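Please keep the structure open while I talk.

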Amino acid sequence: MQFPRFFPLALLMLLLSLIGTTLVTQFVRNWALNDLQESGESQLLGIISQTRSELAEYQYLPFLVSQSREVAELLQQPSADQAARVSRYLEQTNLVAGTTALFVLDEEGRPQAFSHWRAQQDFYSVSHDQQAYFLQALEGLQGLHVVLPSADNDGAVYLSAPVYVQRELLGVATVRINLALLQAGLEQNSQYLFSRNEHILMASQPFQSQKQLRDVFVKRQTSQLYDGSDITLVELATGDKGILQTVTLDDLGWQVSVFNDLGEVTRIQRNASLFTIAFCIVVSLVVFLLRERQLKHISRRETQQALERSEARQRDIINNAHVGMITLDSQGLVLFINPMAMQQFGVSMPRILGTYIGELIEPEVFQGVMKRVLSRLGTRGFAQVTAMETVGKRSDGNSFPMLFSIKQMKRESTEHYLVTVIDITQRKRLERALRKANDELEHQVQQRTQALREAQDELVQAEKMAALGRMSSAVVHELNQPLTALRTYIAICRKLIERQETEQLDSNLQLINDLISRMTVLTRQLKTFAYQKPQHLSPVDPVLALDQVINLFRGRMEREHIELLYPNTDLQVQVSGDSARLEQIFVNLISNACDALAGVSGAQLTINLRQDADTVSIEVADNGAGINEQDQRQLFEPFFTTKPIGEGLGLGLSIIRSIIRDLQGDIRVSSEPGHTCFTVTLPLILAEE
């Protein structure tokens, strides 16, 4: 496996970047932790100062109450009236001082007066003789005691002072300050904890719901900074991590702790890592750039040497090339010409160098595109030309056809152009011979086409004559029976005239008249069928035309035992056309169906008419042998027929399809063994509303 040339250098730079990033990240982390520790110490000092200041505001109250004359009189001579007066005094003092409660105890620890005497009358039944603040006051000291928070209370600080009358201890004046009231005076922006014996006394908002320190801090770890100081890293139950700094107040027995989140340290550490990585990347890029420049300088020398060798090989190739090559400058002057080009133009190297390229082109064709292309040499508007056919001029004045190509070649700061010339004299000679052969072939094709058209006209005429013969045969057959009957009835009439039997004579004459009427109908249909199609279309009833054609074929159907299924219809529709062409369509379809039913046992010819919203469809179906798929694809092609030679030319379906298209209609065929159906669809002439 071959590694890239920069792989060792890249590996070294990566290793140095990792080491540098690690060192910088550790230094920045220690610096940020040290800064955070100093900030925590400032917070601790501020919180302790605020706490002592808050306590100092209330420490005078027990002494103030103990100096009251009314309190002394109550303890000397207890009475209900005196207790009420002292309680009101305590109530007013409590409101002014903002404490939680004030009360006076006798020397037995029984309450004598209470600031909240209005709401808590049962307070007087409680004894405080075992409380620390009471015992401290009995010893003549200023008492201070903290009650830890529990399920029943939120914790409080009790301050007490002895009450002396003429140096005789008569009772104790006591002030109660709830911890929540004391906490209200502290700074709320810091995260702090006041604890005693692992019980939380006061805490900032994130820790207020906890009662034990073990419920707040789940992990503790001591770490040492670069300056040798120790810090305590803790993890909260919520998953947050930070520094915990704790100070113990010896006089109160409290532990004050400040918690600072490591989020800012993490952010600074991350930014330092990113900046270090970016710096390493920049340094690496600079190193790579310098290395690349060195390698490019080496490569340029190698490339220059290779280019010189390549140019030598190219000169050999150009000199031996079988196409003419000419090099031009930006002015169109010849700088180089290979031997093939010199041979094509009949010039030599010394004579042609410095010559304008336009002098090698026949003046008559040196116009238009060629002149514009060469005039734009050396400009931004130049566009290369590929295989432009033009005429070159030799030095002896002769000309020759050639393919002219020109493209720009950029070589350092100069612009050169390469001209390629290919002599196409031989190709032009072959093109002229091919064009002459094509003209002769086209003339022969035209002659053959004319002969085929004449043959087609003769075949169409023969088809017309054959159709006329079949029609004449059918008409002769239809007229022969009435004529025979007429001859017979006339002979009978002569006999009746001789016998003078007039009644029977009238009956026979009526029969003769009927036969003549039948012959009149036949000749009228023949006249209508033979009528030349009009140039202009008019509304025509297709049902009437179909009825006339069916009457024409009834004799043939009877002779060939073909059952006609043609239900009576009351359709009143009109299409755009003429009766002659419609009858020609129906004659061909019915005639073909009768031909297909020849020799078929139980032959049936079915004709149905269907009307849609804007079209009418006529279906002519038979139960003959059917038409195979190959014949269906060629059925409407001229001169295609499945009948034996001499019985048709295969123009019938082609002619009727042409007629139907002229009438803007359509004809379709579907066939399978035992069933063939031709469907003619014609657009209706809709009545105006």
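Predicted model: local features only at pLDDT ≥ 70, side-chain atom pairs only at ≥ 80, totals over all residues.

There are five aromatic pairs in the structure, where rings of Phe, Tyr and Trp (for Trp, its six-membered ring) pair if their centres lie within 6.5 Å, and where planes under 30 degrees apart count as stacked, over 60 as edge-to-face and the rest as tilted. One of them joins Phe-345 and Phe-400 in an edge-to-face arrangement, at 5.5 Å centre to centre and with 65 degrees between the planes. Since Phe-345 belongs to helix H8 (residues 339-345) and Phe-400 to strand E15 (residues 399-411), this pair ties together parts that are 55 residues apart in sequence; helices (H or I, at least four residues) and strands (E, at least two) are DSSP runs, numbered from the N terminus. Both Phe-345 and Phe-400 are buried, a word that stands for under 20% relative accessible area, with exposed being over 50% and partly exposed in between (1.4 Å probe, protein chains only).

A further edge-to-face pair is formed by Phe-382 and Tyr-417, 5.0 Å centre to centre and with 70 degrees between the planes. Phe-382 sits in the loop between helix H10 (369-375) and strand E14 (385-393), while Tyr-417 is in strand E16 (residues 414-423), so the pair ties together parts that are 35 residues apart in sequence. Phe-382 is buried at a relative accessible area of 14%, and Tyr-417 is buried at 0%. Ring pairs also link Phe-103, Phe-114, Tyr-133 and Tyr-158 into a cluster.

Residues are numbered from 1 along each chain as its sequence is written, and side-chain values use heavy atoms, with hydrogens and water left out.

What is Thr-390 in contact with, leaving aside its neighbours within four places in sequence? Taking contact as heavy atoms within 4.5 Å, the partners of Thr-390 are Ile-361, Val-365, Met-370, Phe-400, Pro-401, Met-402 and Phe-404. Thr-390 itself lies in strand E14 and is buried, with a relative accessible area of 7%.

Finally, Ser-87 is placed in helix H4 (residues 80-97) and, at 1% relative accessibility, counts as buried. A polar atom of the Ser-87 side chain lies 2.9 Å from the backbone oxygen of Ala-83. From C-alpha to C-alpha, Ser-87 and Val-104 are 8.8 Å apart in space, and they are 17 residues apart in sequence.

Technical notes. Polar contact = N/O pair within 3.5 Å; in protein donor to acceptor, adjacent residues only side chain to side chain.
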